[in-house]
Amino acid sequence: MIIYEVNITINEIVYNEYIEWLNVHIKKMLKYDGFIKVEKYEHLNKGLTKNIIIHYYISSYNKLDNYLKINSKKMRKDGTDLFKNNIIIKRRILKNIK
């Protein structure tokens, strides 16, 4: 199992609008081959920004790699076009170790 983690810093001005968009975006993401489930977290900080952490659970690295090569550019562009400088996104890939 692979976790594709997306850390999003959101300007409070667009927070509600972004969350509405994000919920639709997540539903689209879960339609990709290998994407099993998602967990959303809010980082409890105080300030002019909000932080959301998304964990997409994916069945294998190959499935994630396929998504990254073929679909990620368009999926990322949709959000950045709408929210421009009001969001900062960082991503990382995690693997469970035993």
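**A chat about helices, strands and loops**

Visitor: Which residues of α1 are buried?

Guide: The buried residues of α1 are Tyr15, Tyr18, Trp21, Leu22, His25, Ile26 and Met29. Buried means under 20% relative accessible area, exposed means over 50%, and partly exposed is in between (1.4 Å probe, protein chains only).

Visitor: Where do they sit around the helix?

Guide: They are on the same side of α1, because they cover an arc of only 145 degrees around the axis. The arc is that of the directions from the helix axis to the C-beta atoms. An α-helix has 3.6 residues a turn, so residues three or four places apart point the same way.

Visitor: Nice. Before we go on, what kind of model is this?

Guide: This is a predicted model, in which local features need pLDDT of at least 70, side-chain atom pairs count only at pLDDT 80 or more, and totals for chains, interfaces and linings use all residues. Residues are numbered from 1 along each chain as its sequence is written, and side-chain values use heavy atoms, leaving out hydrogens and water.

Visitor: Got it. Back to α1: what covers its buried residues?

Guide: The cover includes the strands β1 (2–11), β2 (35–43), β3 and β4 (87–95), along with α2 and α3. Contact here means heavy atoms within 4.5 Å.

Visitor: And which exposed residues are on the face turned away?

Guide: Asn16, Glu17, Glu20 and Lys27 are the exposed residues carried there, on the face of α1 turned away from its buried side.

Visitor: What span should α1 have?

Guide: At 1.5 Å a residue, the 15 residues of α1 (residues 15–29) should span 21 Å, and the end C-alpha atoms are 20 Å apart, which agrees. The expected span is 1.5 Å times one less than the number of residues.

Visitor: How many residues does α3 have?

Guide: α3 has twelve residues and reaches 17 Å from its first C-alpha to its last, close to the expected 16 Å. Ser72, Met75, Gly79 and Phe83 are the buried residues of α3. They lie on the same side of α3, because their arc around the axis is only 80 degrees. On the other side of α3, Lys73 and Lys74 are exposed.

Visitor: What covers the buried ones in α3?

Guide: The cover includes α1, α2 and β4.

Visitor: At what angle do the axes of α2 and α3 cross?

Guide: The axes of α2 (residues 61–70) and α3 (residues 72–83) cross at roughly 65 degrees and come within 4 Å. Tyr67, Leu68 and Ile70 of α2 make the contact with Ser72, Met75 and Arg76 of α3. Those residues divide into four nonpolar, one polar and one charged. Here Ala, Val, Leu, Ile, Met, Phe, Trp, Tyr, Cys and Pro count as nonpolar, Asp, Glu, Lys and Arg as charged, and the others, Gly among them, as polar. As for the axes, they are lines fitted to C-alpha atoms, for helices over the stretch in contact, and angles run from 0 to 180 degrees between N-to-C directions.

Visitor: What follows α3?

Guide: Lysine 84 follows α3, and its phi is positive, near 35 degrees. That is a positive value in a residue other than glycine. Lysine 84 lies in the loop between α3 and β4, and at 56% relative accessibility it counts as exposed.

Visitor: New topic! Is histidine 55 buried or exposed?

Guide: Histidine 55 is buried, with a relative accessible area of 14%. Histidine 55 lies in strand β3 (residues 49–58).

Visitor: Which side chain does it make a polar contact with?

Guide: The side chain of histidine 55 makes a polar contact with the side chain of glutamate 5, at 2.6 Å. A polar contact is a pair of N or O atoms within 3.5 Å; within protein, one must be able to donate a hydrogen and the other to accept it, and residues adjacent in sequence count only if both atoms are side-chain atoms.

Visitor: One more: where is leucine 48?

Guide: Leucine 48 is in the loop between β2 and β3, and it is exposed, with a relative accessible area of 73%. The C-alpha atoms of leucine 48 and asparagine 11 are separated by 6.4 Å, although these residues are 37 residues apart along the chain. Not counting residues up to four places away in sequence, leucine 48 touches Ile10, Asn11 and Glu12.

Definitions and conventions:
Helices (H or I, at least four residues) and strands (E, at least two) are DSSP runs, numbered from the N terminus.
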